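Please look through the structure below alongside these notes, which take up its pockets and then its aromatic contacts.

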Amino acid sequence: DAIDVAFVSSVKLTCKLPLLDDTAVGTWDLVVKNPDDKEGRLDDGFTVTPAPTVTSITPKTGFKCRPVTITDLAGTGFQTGATVKLEQPSSSTVIDATNVNVESDTKITCKFTLSGPLGKYDVVMKNPDDQEVKLVKGFSVTNICGLGGGAIMLGLGLMMGLLSLAGSEILRKRQRRIKAG
């Protein structure tokens, strides 16, 4: 039965149809019953679609403060106009995706700029019909801003130091030969 029924006019009403998890997918007849017990019927007037799913995300991790391109958000029931976001319930952080592209009803691509705290995030996909689904702790933000560059500089510094030591040894051997010769 419908809830929150509102009669807008003699030819229009609005209502909510609470659907249980076991409600059958498919078309349903709509029946409106007036207070005087007269009925109106619209055969196949309402369609119940399957709930969407999100089964995986590729890649599963990204570095903080860096953009990441999601090449495959996989699932079922994706609709054109869907939105995607990352949510970290422990910090109330939400990171909205940009360039969301619903390639098919089973694949979405998008981009995130990972500005939130480190840790695991829920991946949330929402269709234009307001059906929403989460892949709980499906994505991780790792590292910290700048660590990658610092590690490269440290490695370069170590290599230069080793080359300098090796060069010093060659120079000392040449100086010994000159003194001996």
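1. The lining of the largest pocket comprises 15 nonpolar, three polar and four charged residues, where Ala, Val, Leu, Ile, Met, Phe, Trp, Tyr, Cys and Pro count as nonpolar, Asp, Glu, Lys and Arg as charged, and the others, Gly among them, as polar. The model is a predicted one, in which local features need pLDDT of at least 70 and side-chain atom pairs count only at pLDDT 80 or more, while totals for chains, interfaces and linings use all residues. Residues are numbered from 1 along each chain as its sequence is written, and side-chain values use heavy atoms, with hydrogens and water left out.

2. The largest pocket holds about 700 Å³ of space, and among the 22 residues lining this pocket, A2, C15, L17, L30 and V31 are the closest to its centre. Strand 3 contributes the most to this lining, with six residues.

3. The second largest pocket has a volume of about 360 Å³. Its lining divides into seven nonpolar, four polar and three charged residues, and of these 14 residues L19, V48, T49, A51 and Q131 lie closest to the centre.

4. One aromatic pair is found in a search of the whole structure: F112 and F139 are tilted, at 6.4 Å centre to centre with 40 degrees between the planes. Ring centres must lie within 6.5 Å to pair, and planes under 30 degrees apart count as stacked, over 60 as edge-to-face and the rest as tilted. Both F112 and F139 are buried, that is, under 20% relative accessible area with a 1.4 Å probe and protein chains only.

Notes
Rings of Phe, Tyr and Trp (its six-membered ring) pair if their centres lie within 6.5 Å; planes under 30 degrees apart count as stacked, over 60 as edge-to-face and the rest as tilted. Buried means under 20% relative accessible area, exposed over 50%, partly exposed in between (1.4 Å probe, protein chains only). On a 1 Å grid over the protein atoms alone, a cavity is a set of points where a 1.4 Å probe fits but cannot get out, and a pocket is an open set with protein on both sides within 12 Å along at least five of seven lines; lining residues have an atom within 4 Å of a point. Grid points are joined across faces, edges and corners, and a volume is the space filled by probe spheres set on the points. Helices (H or I, at least four residues) and strands (E, at least two) are DSSP runs, numbered from the N terminus.
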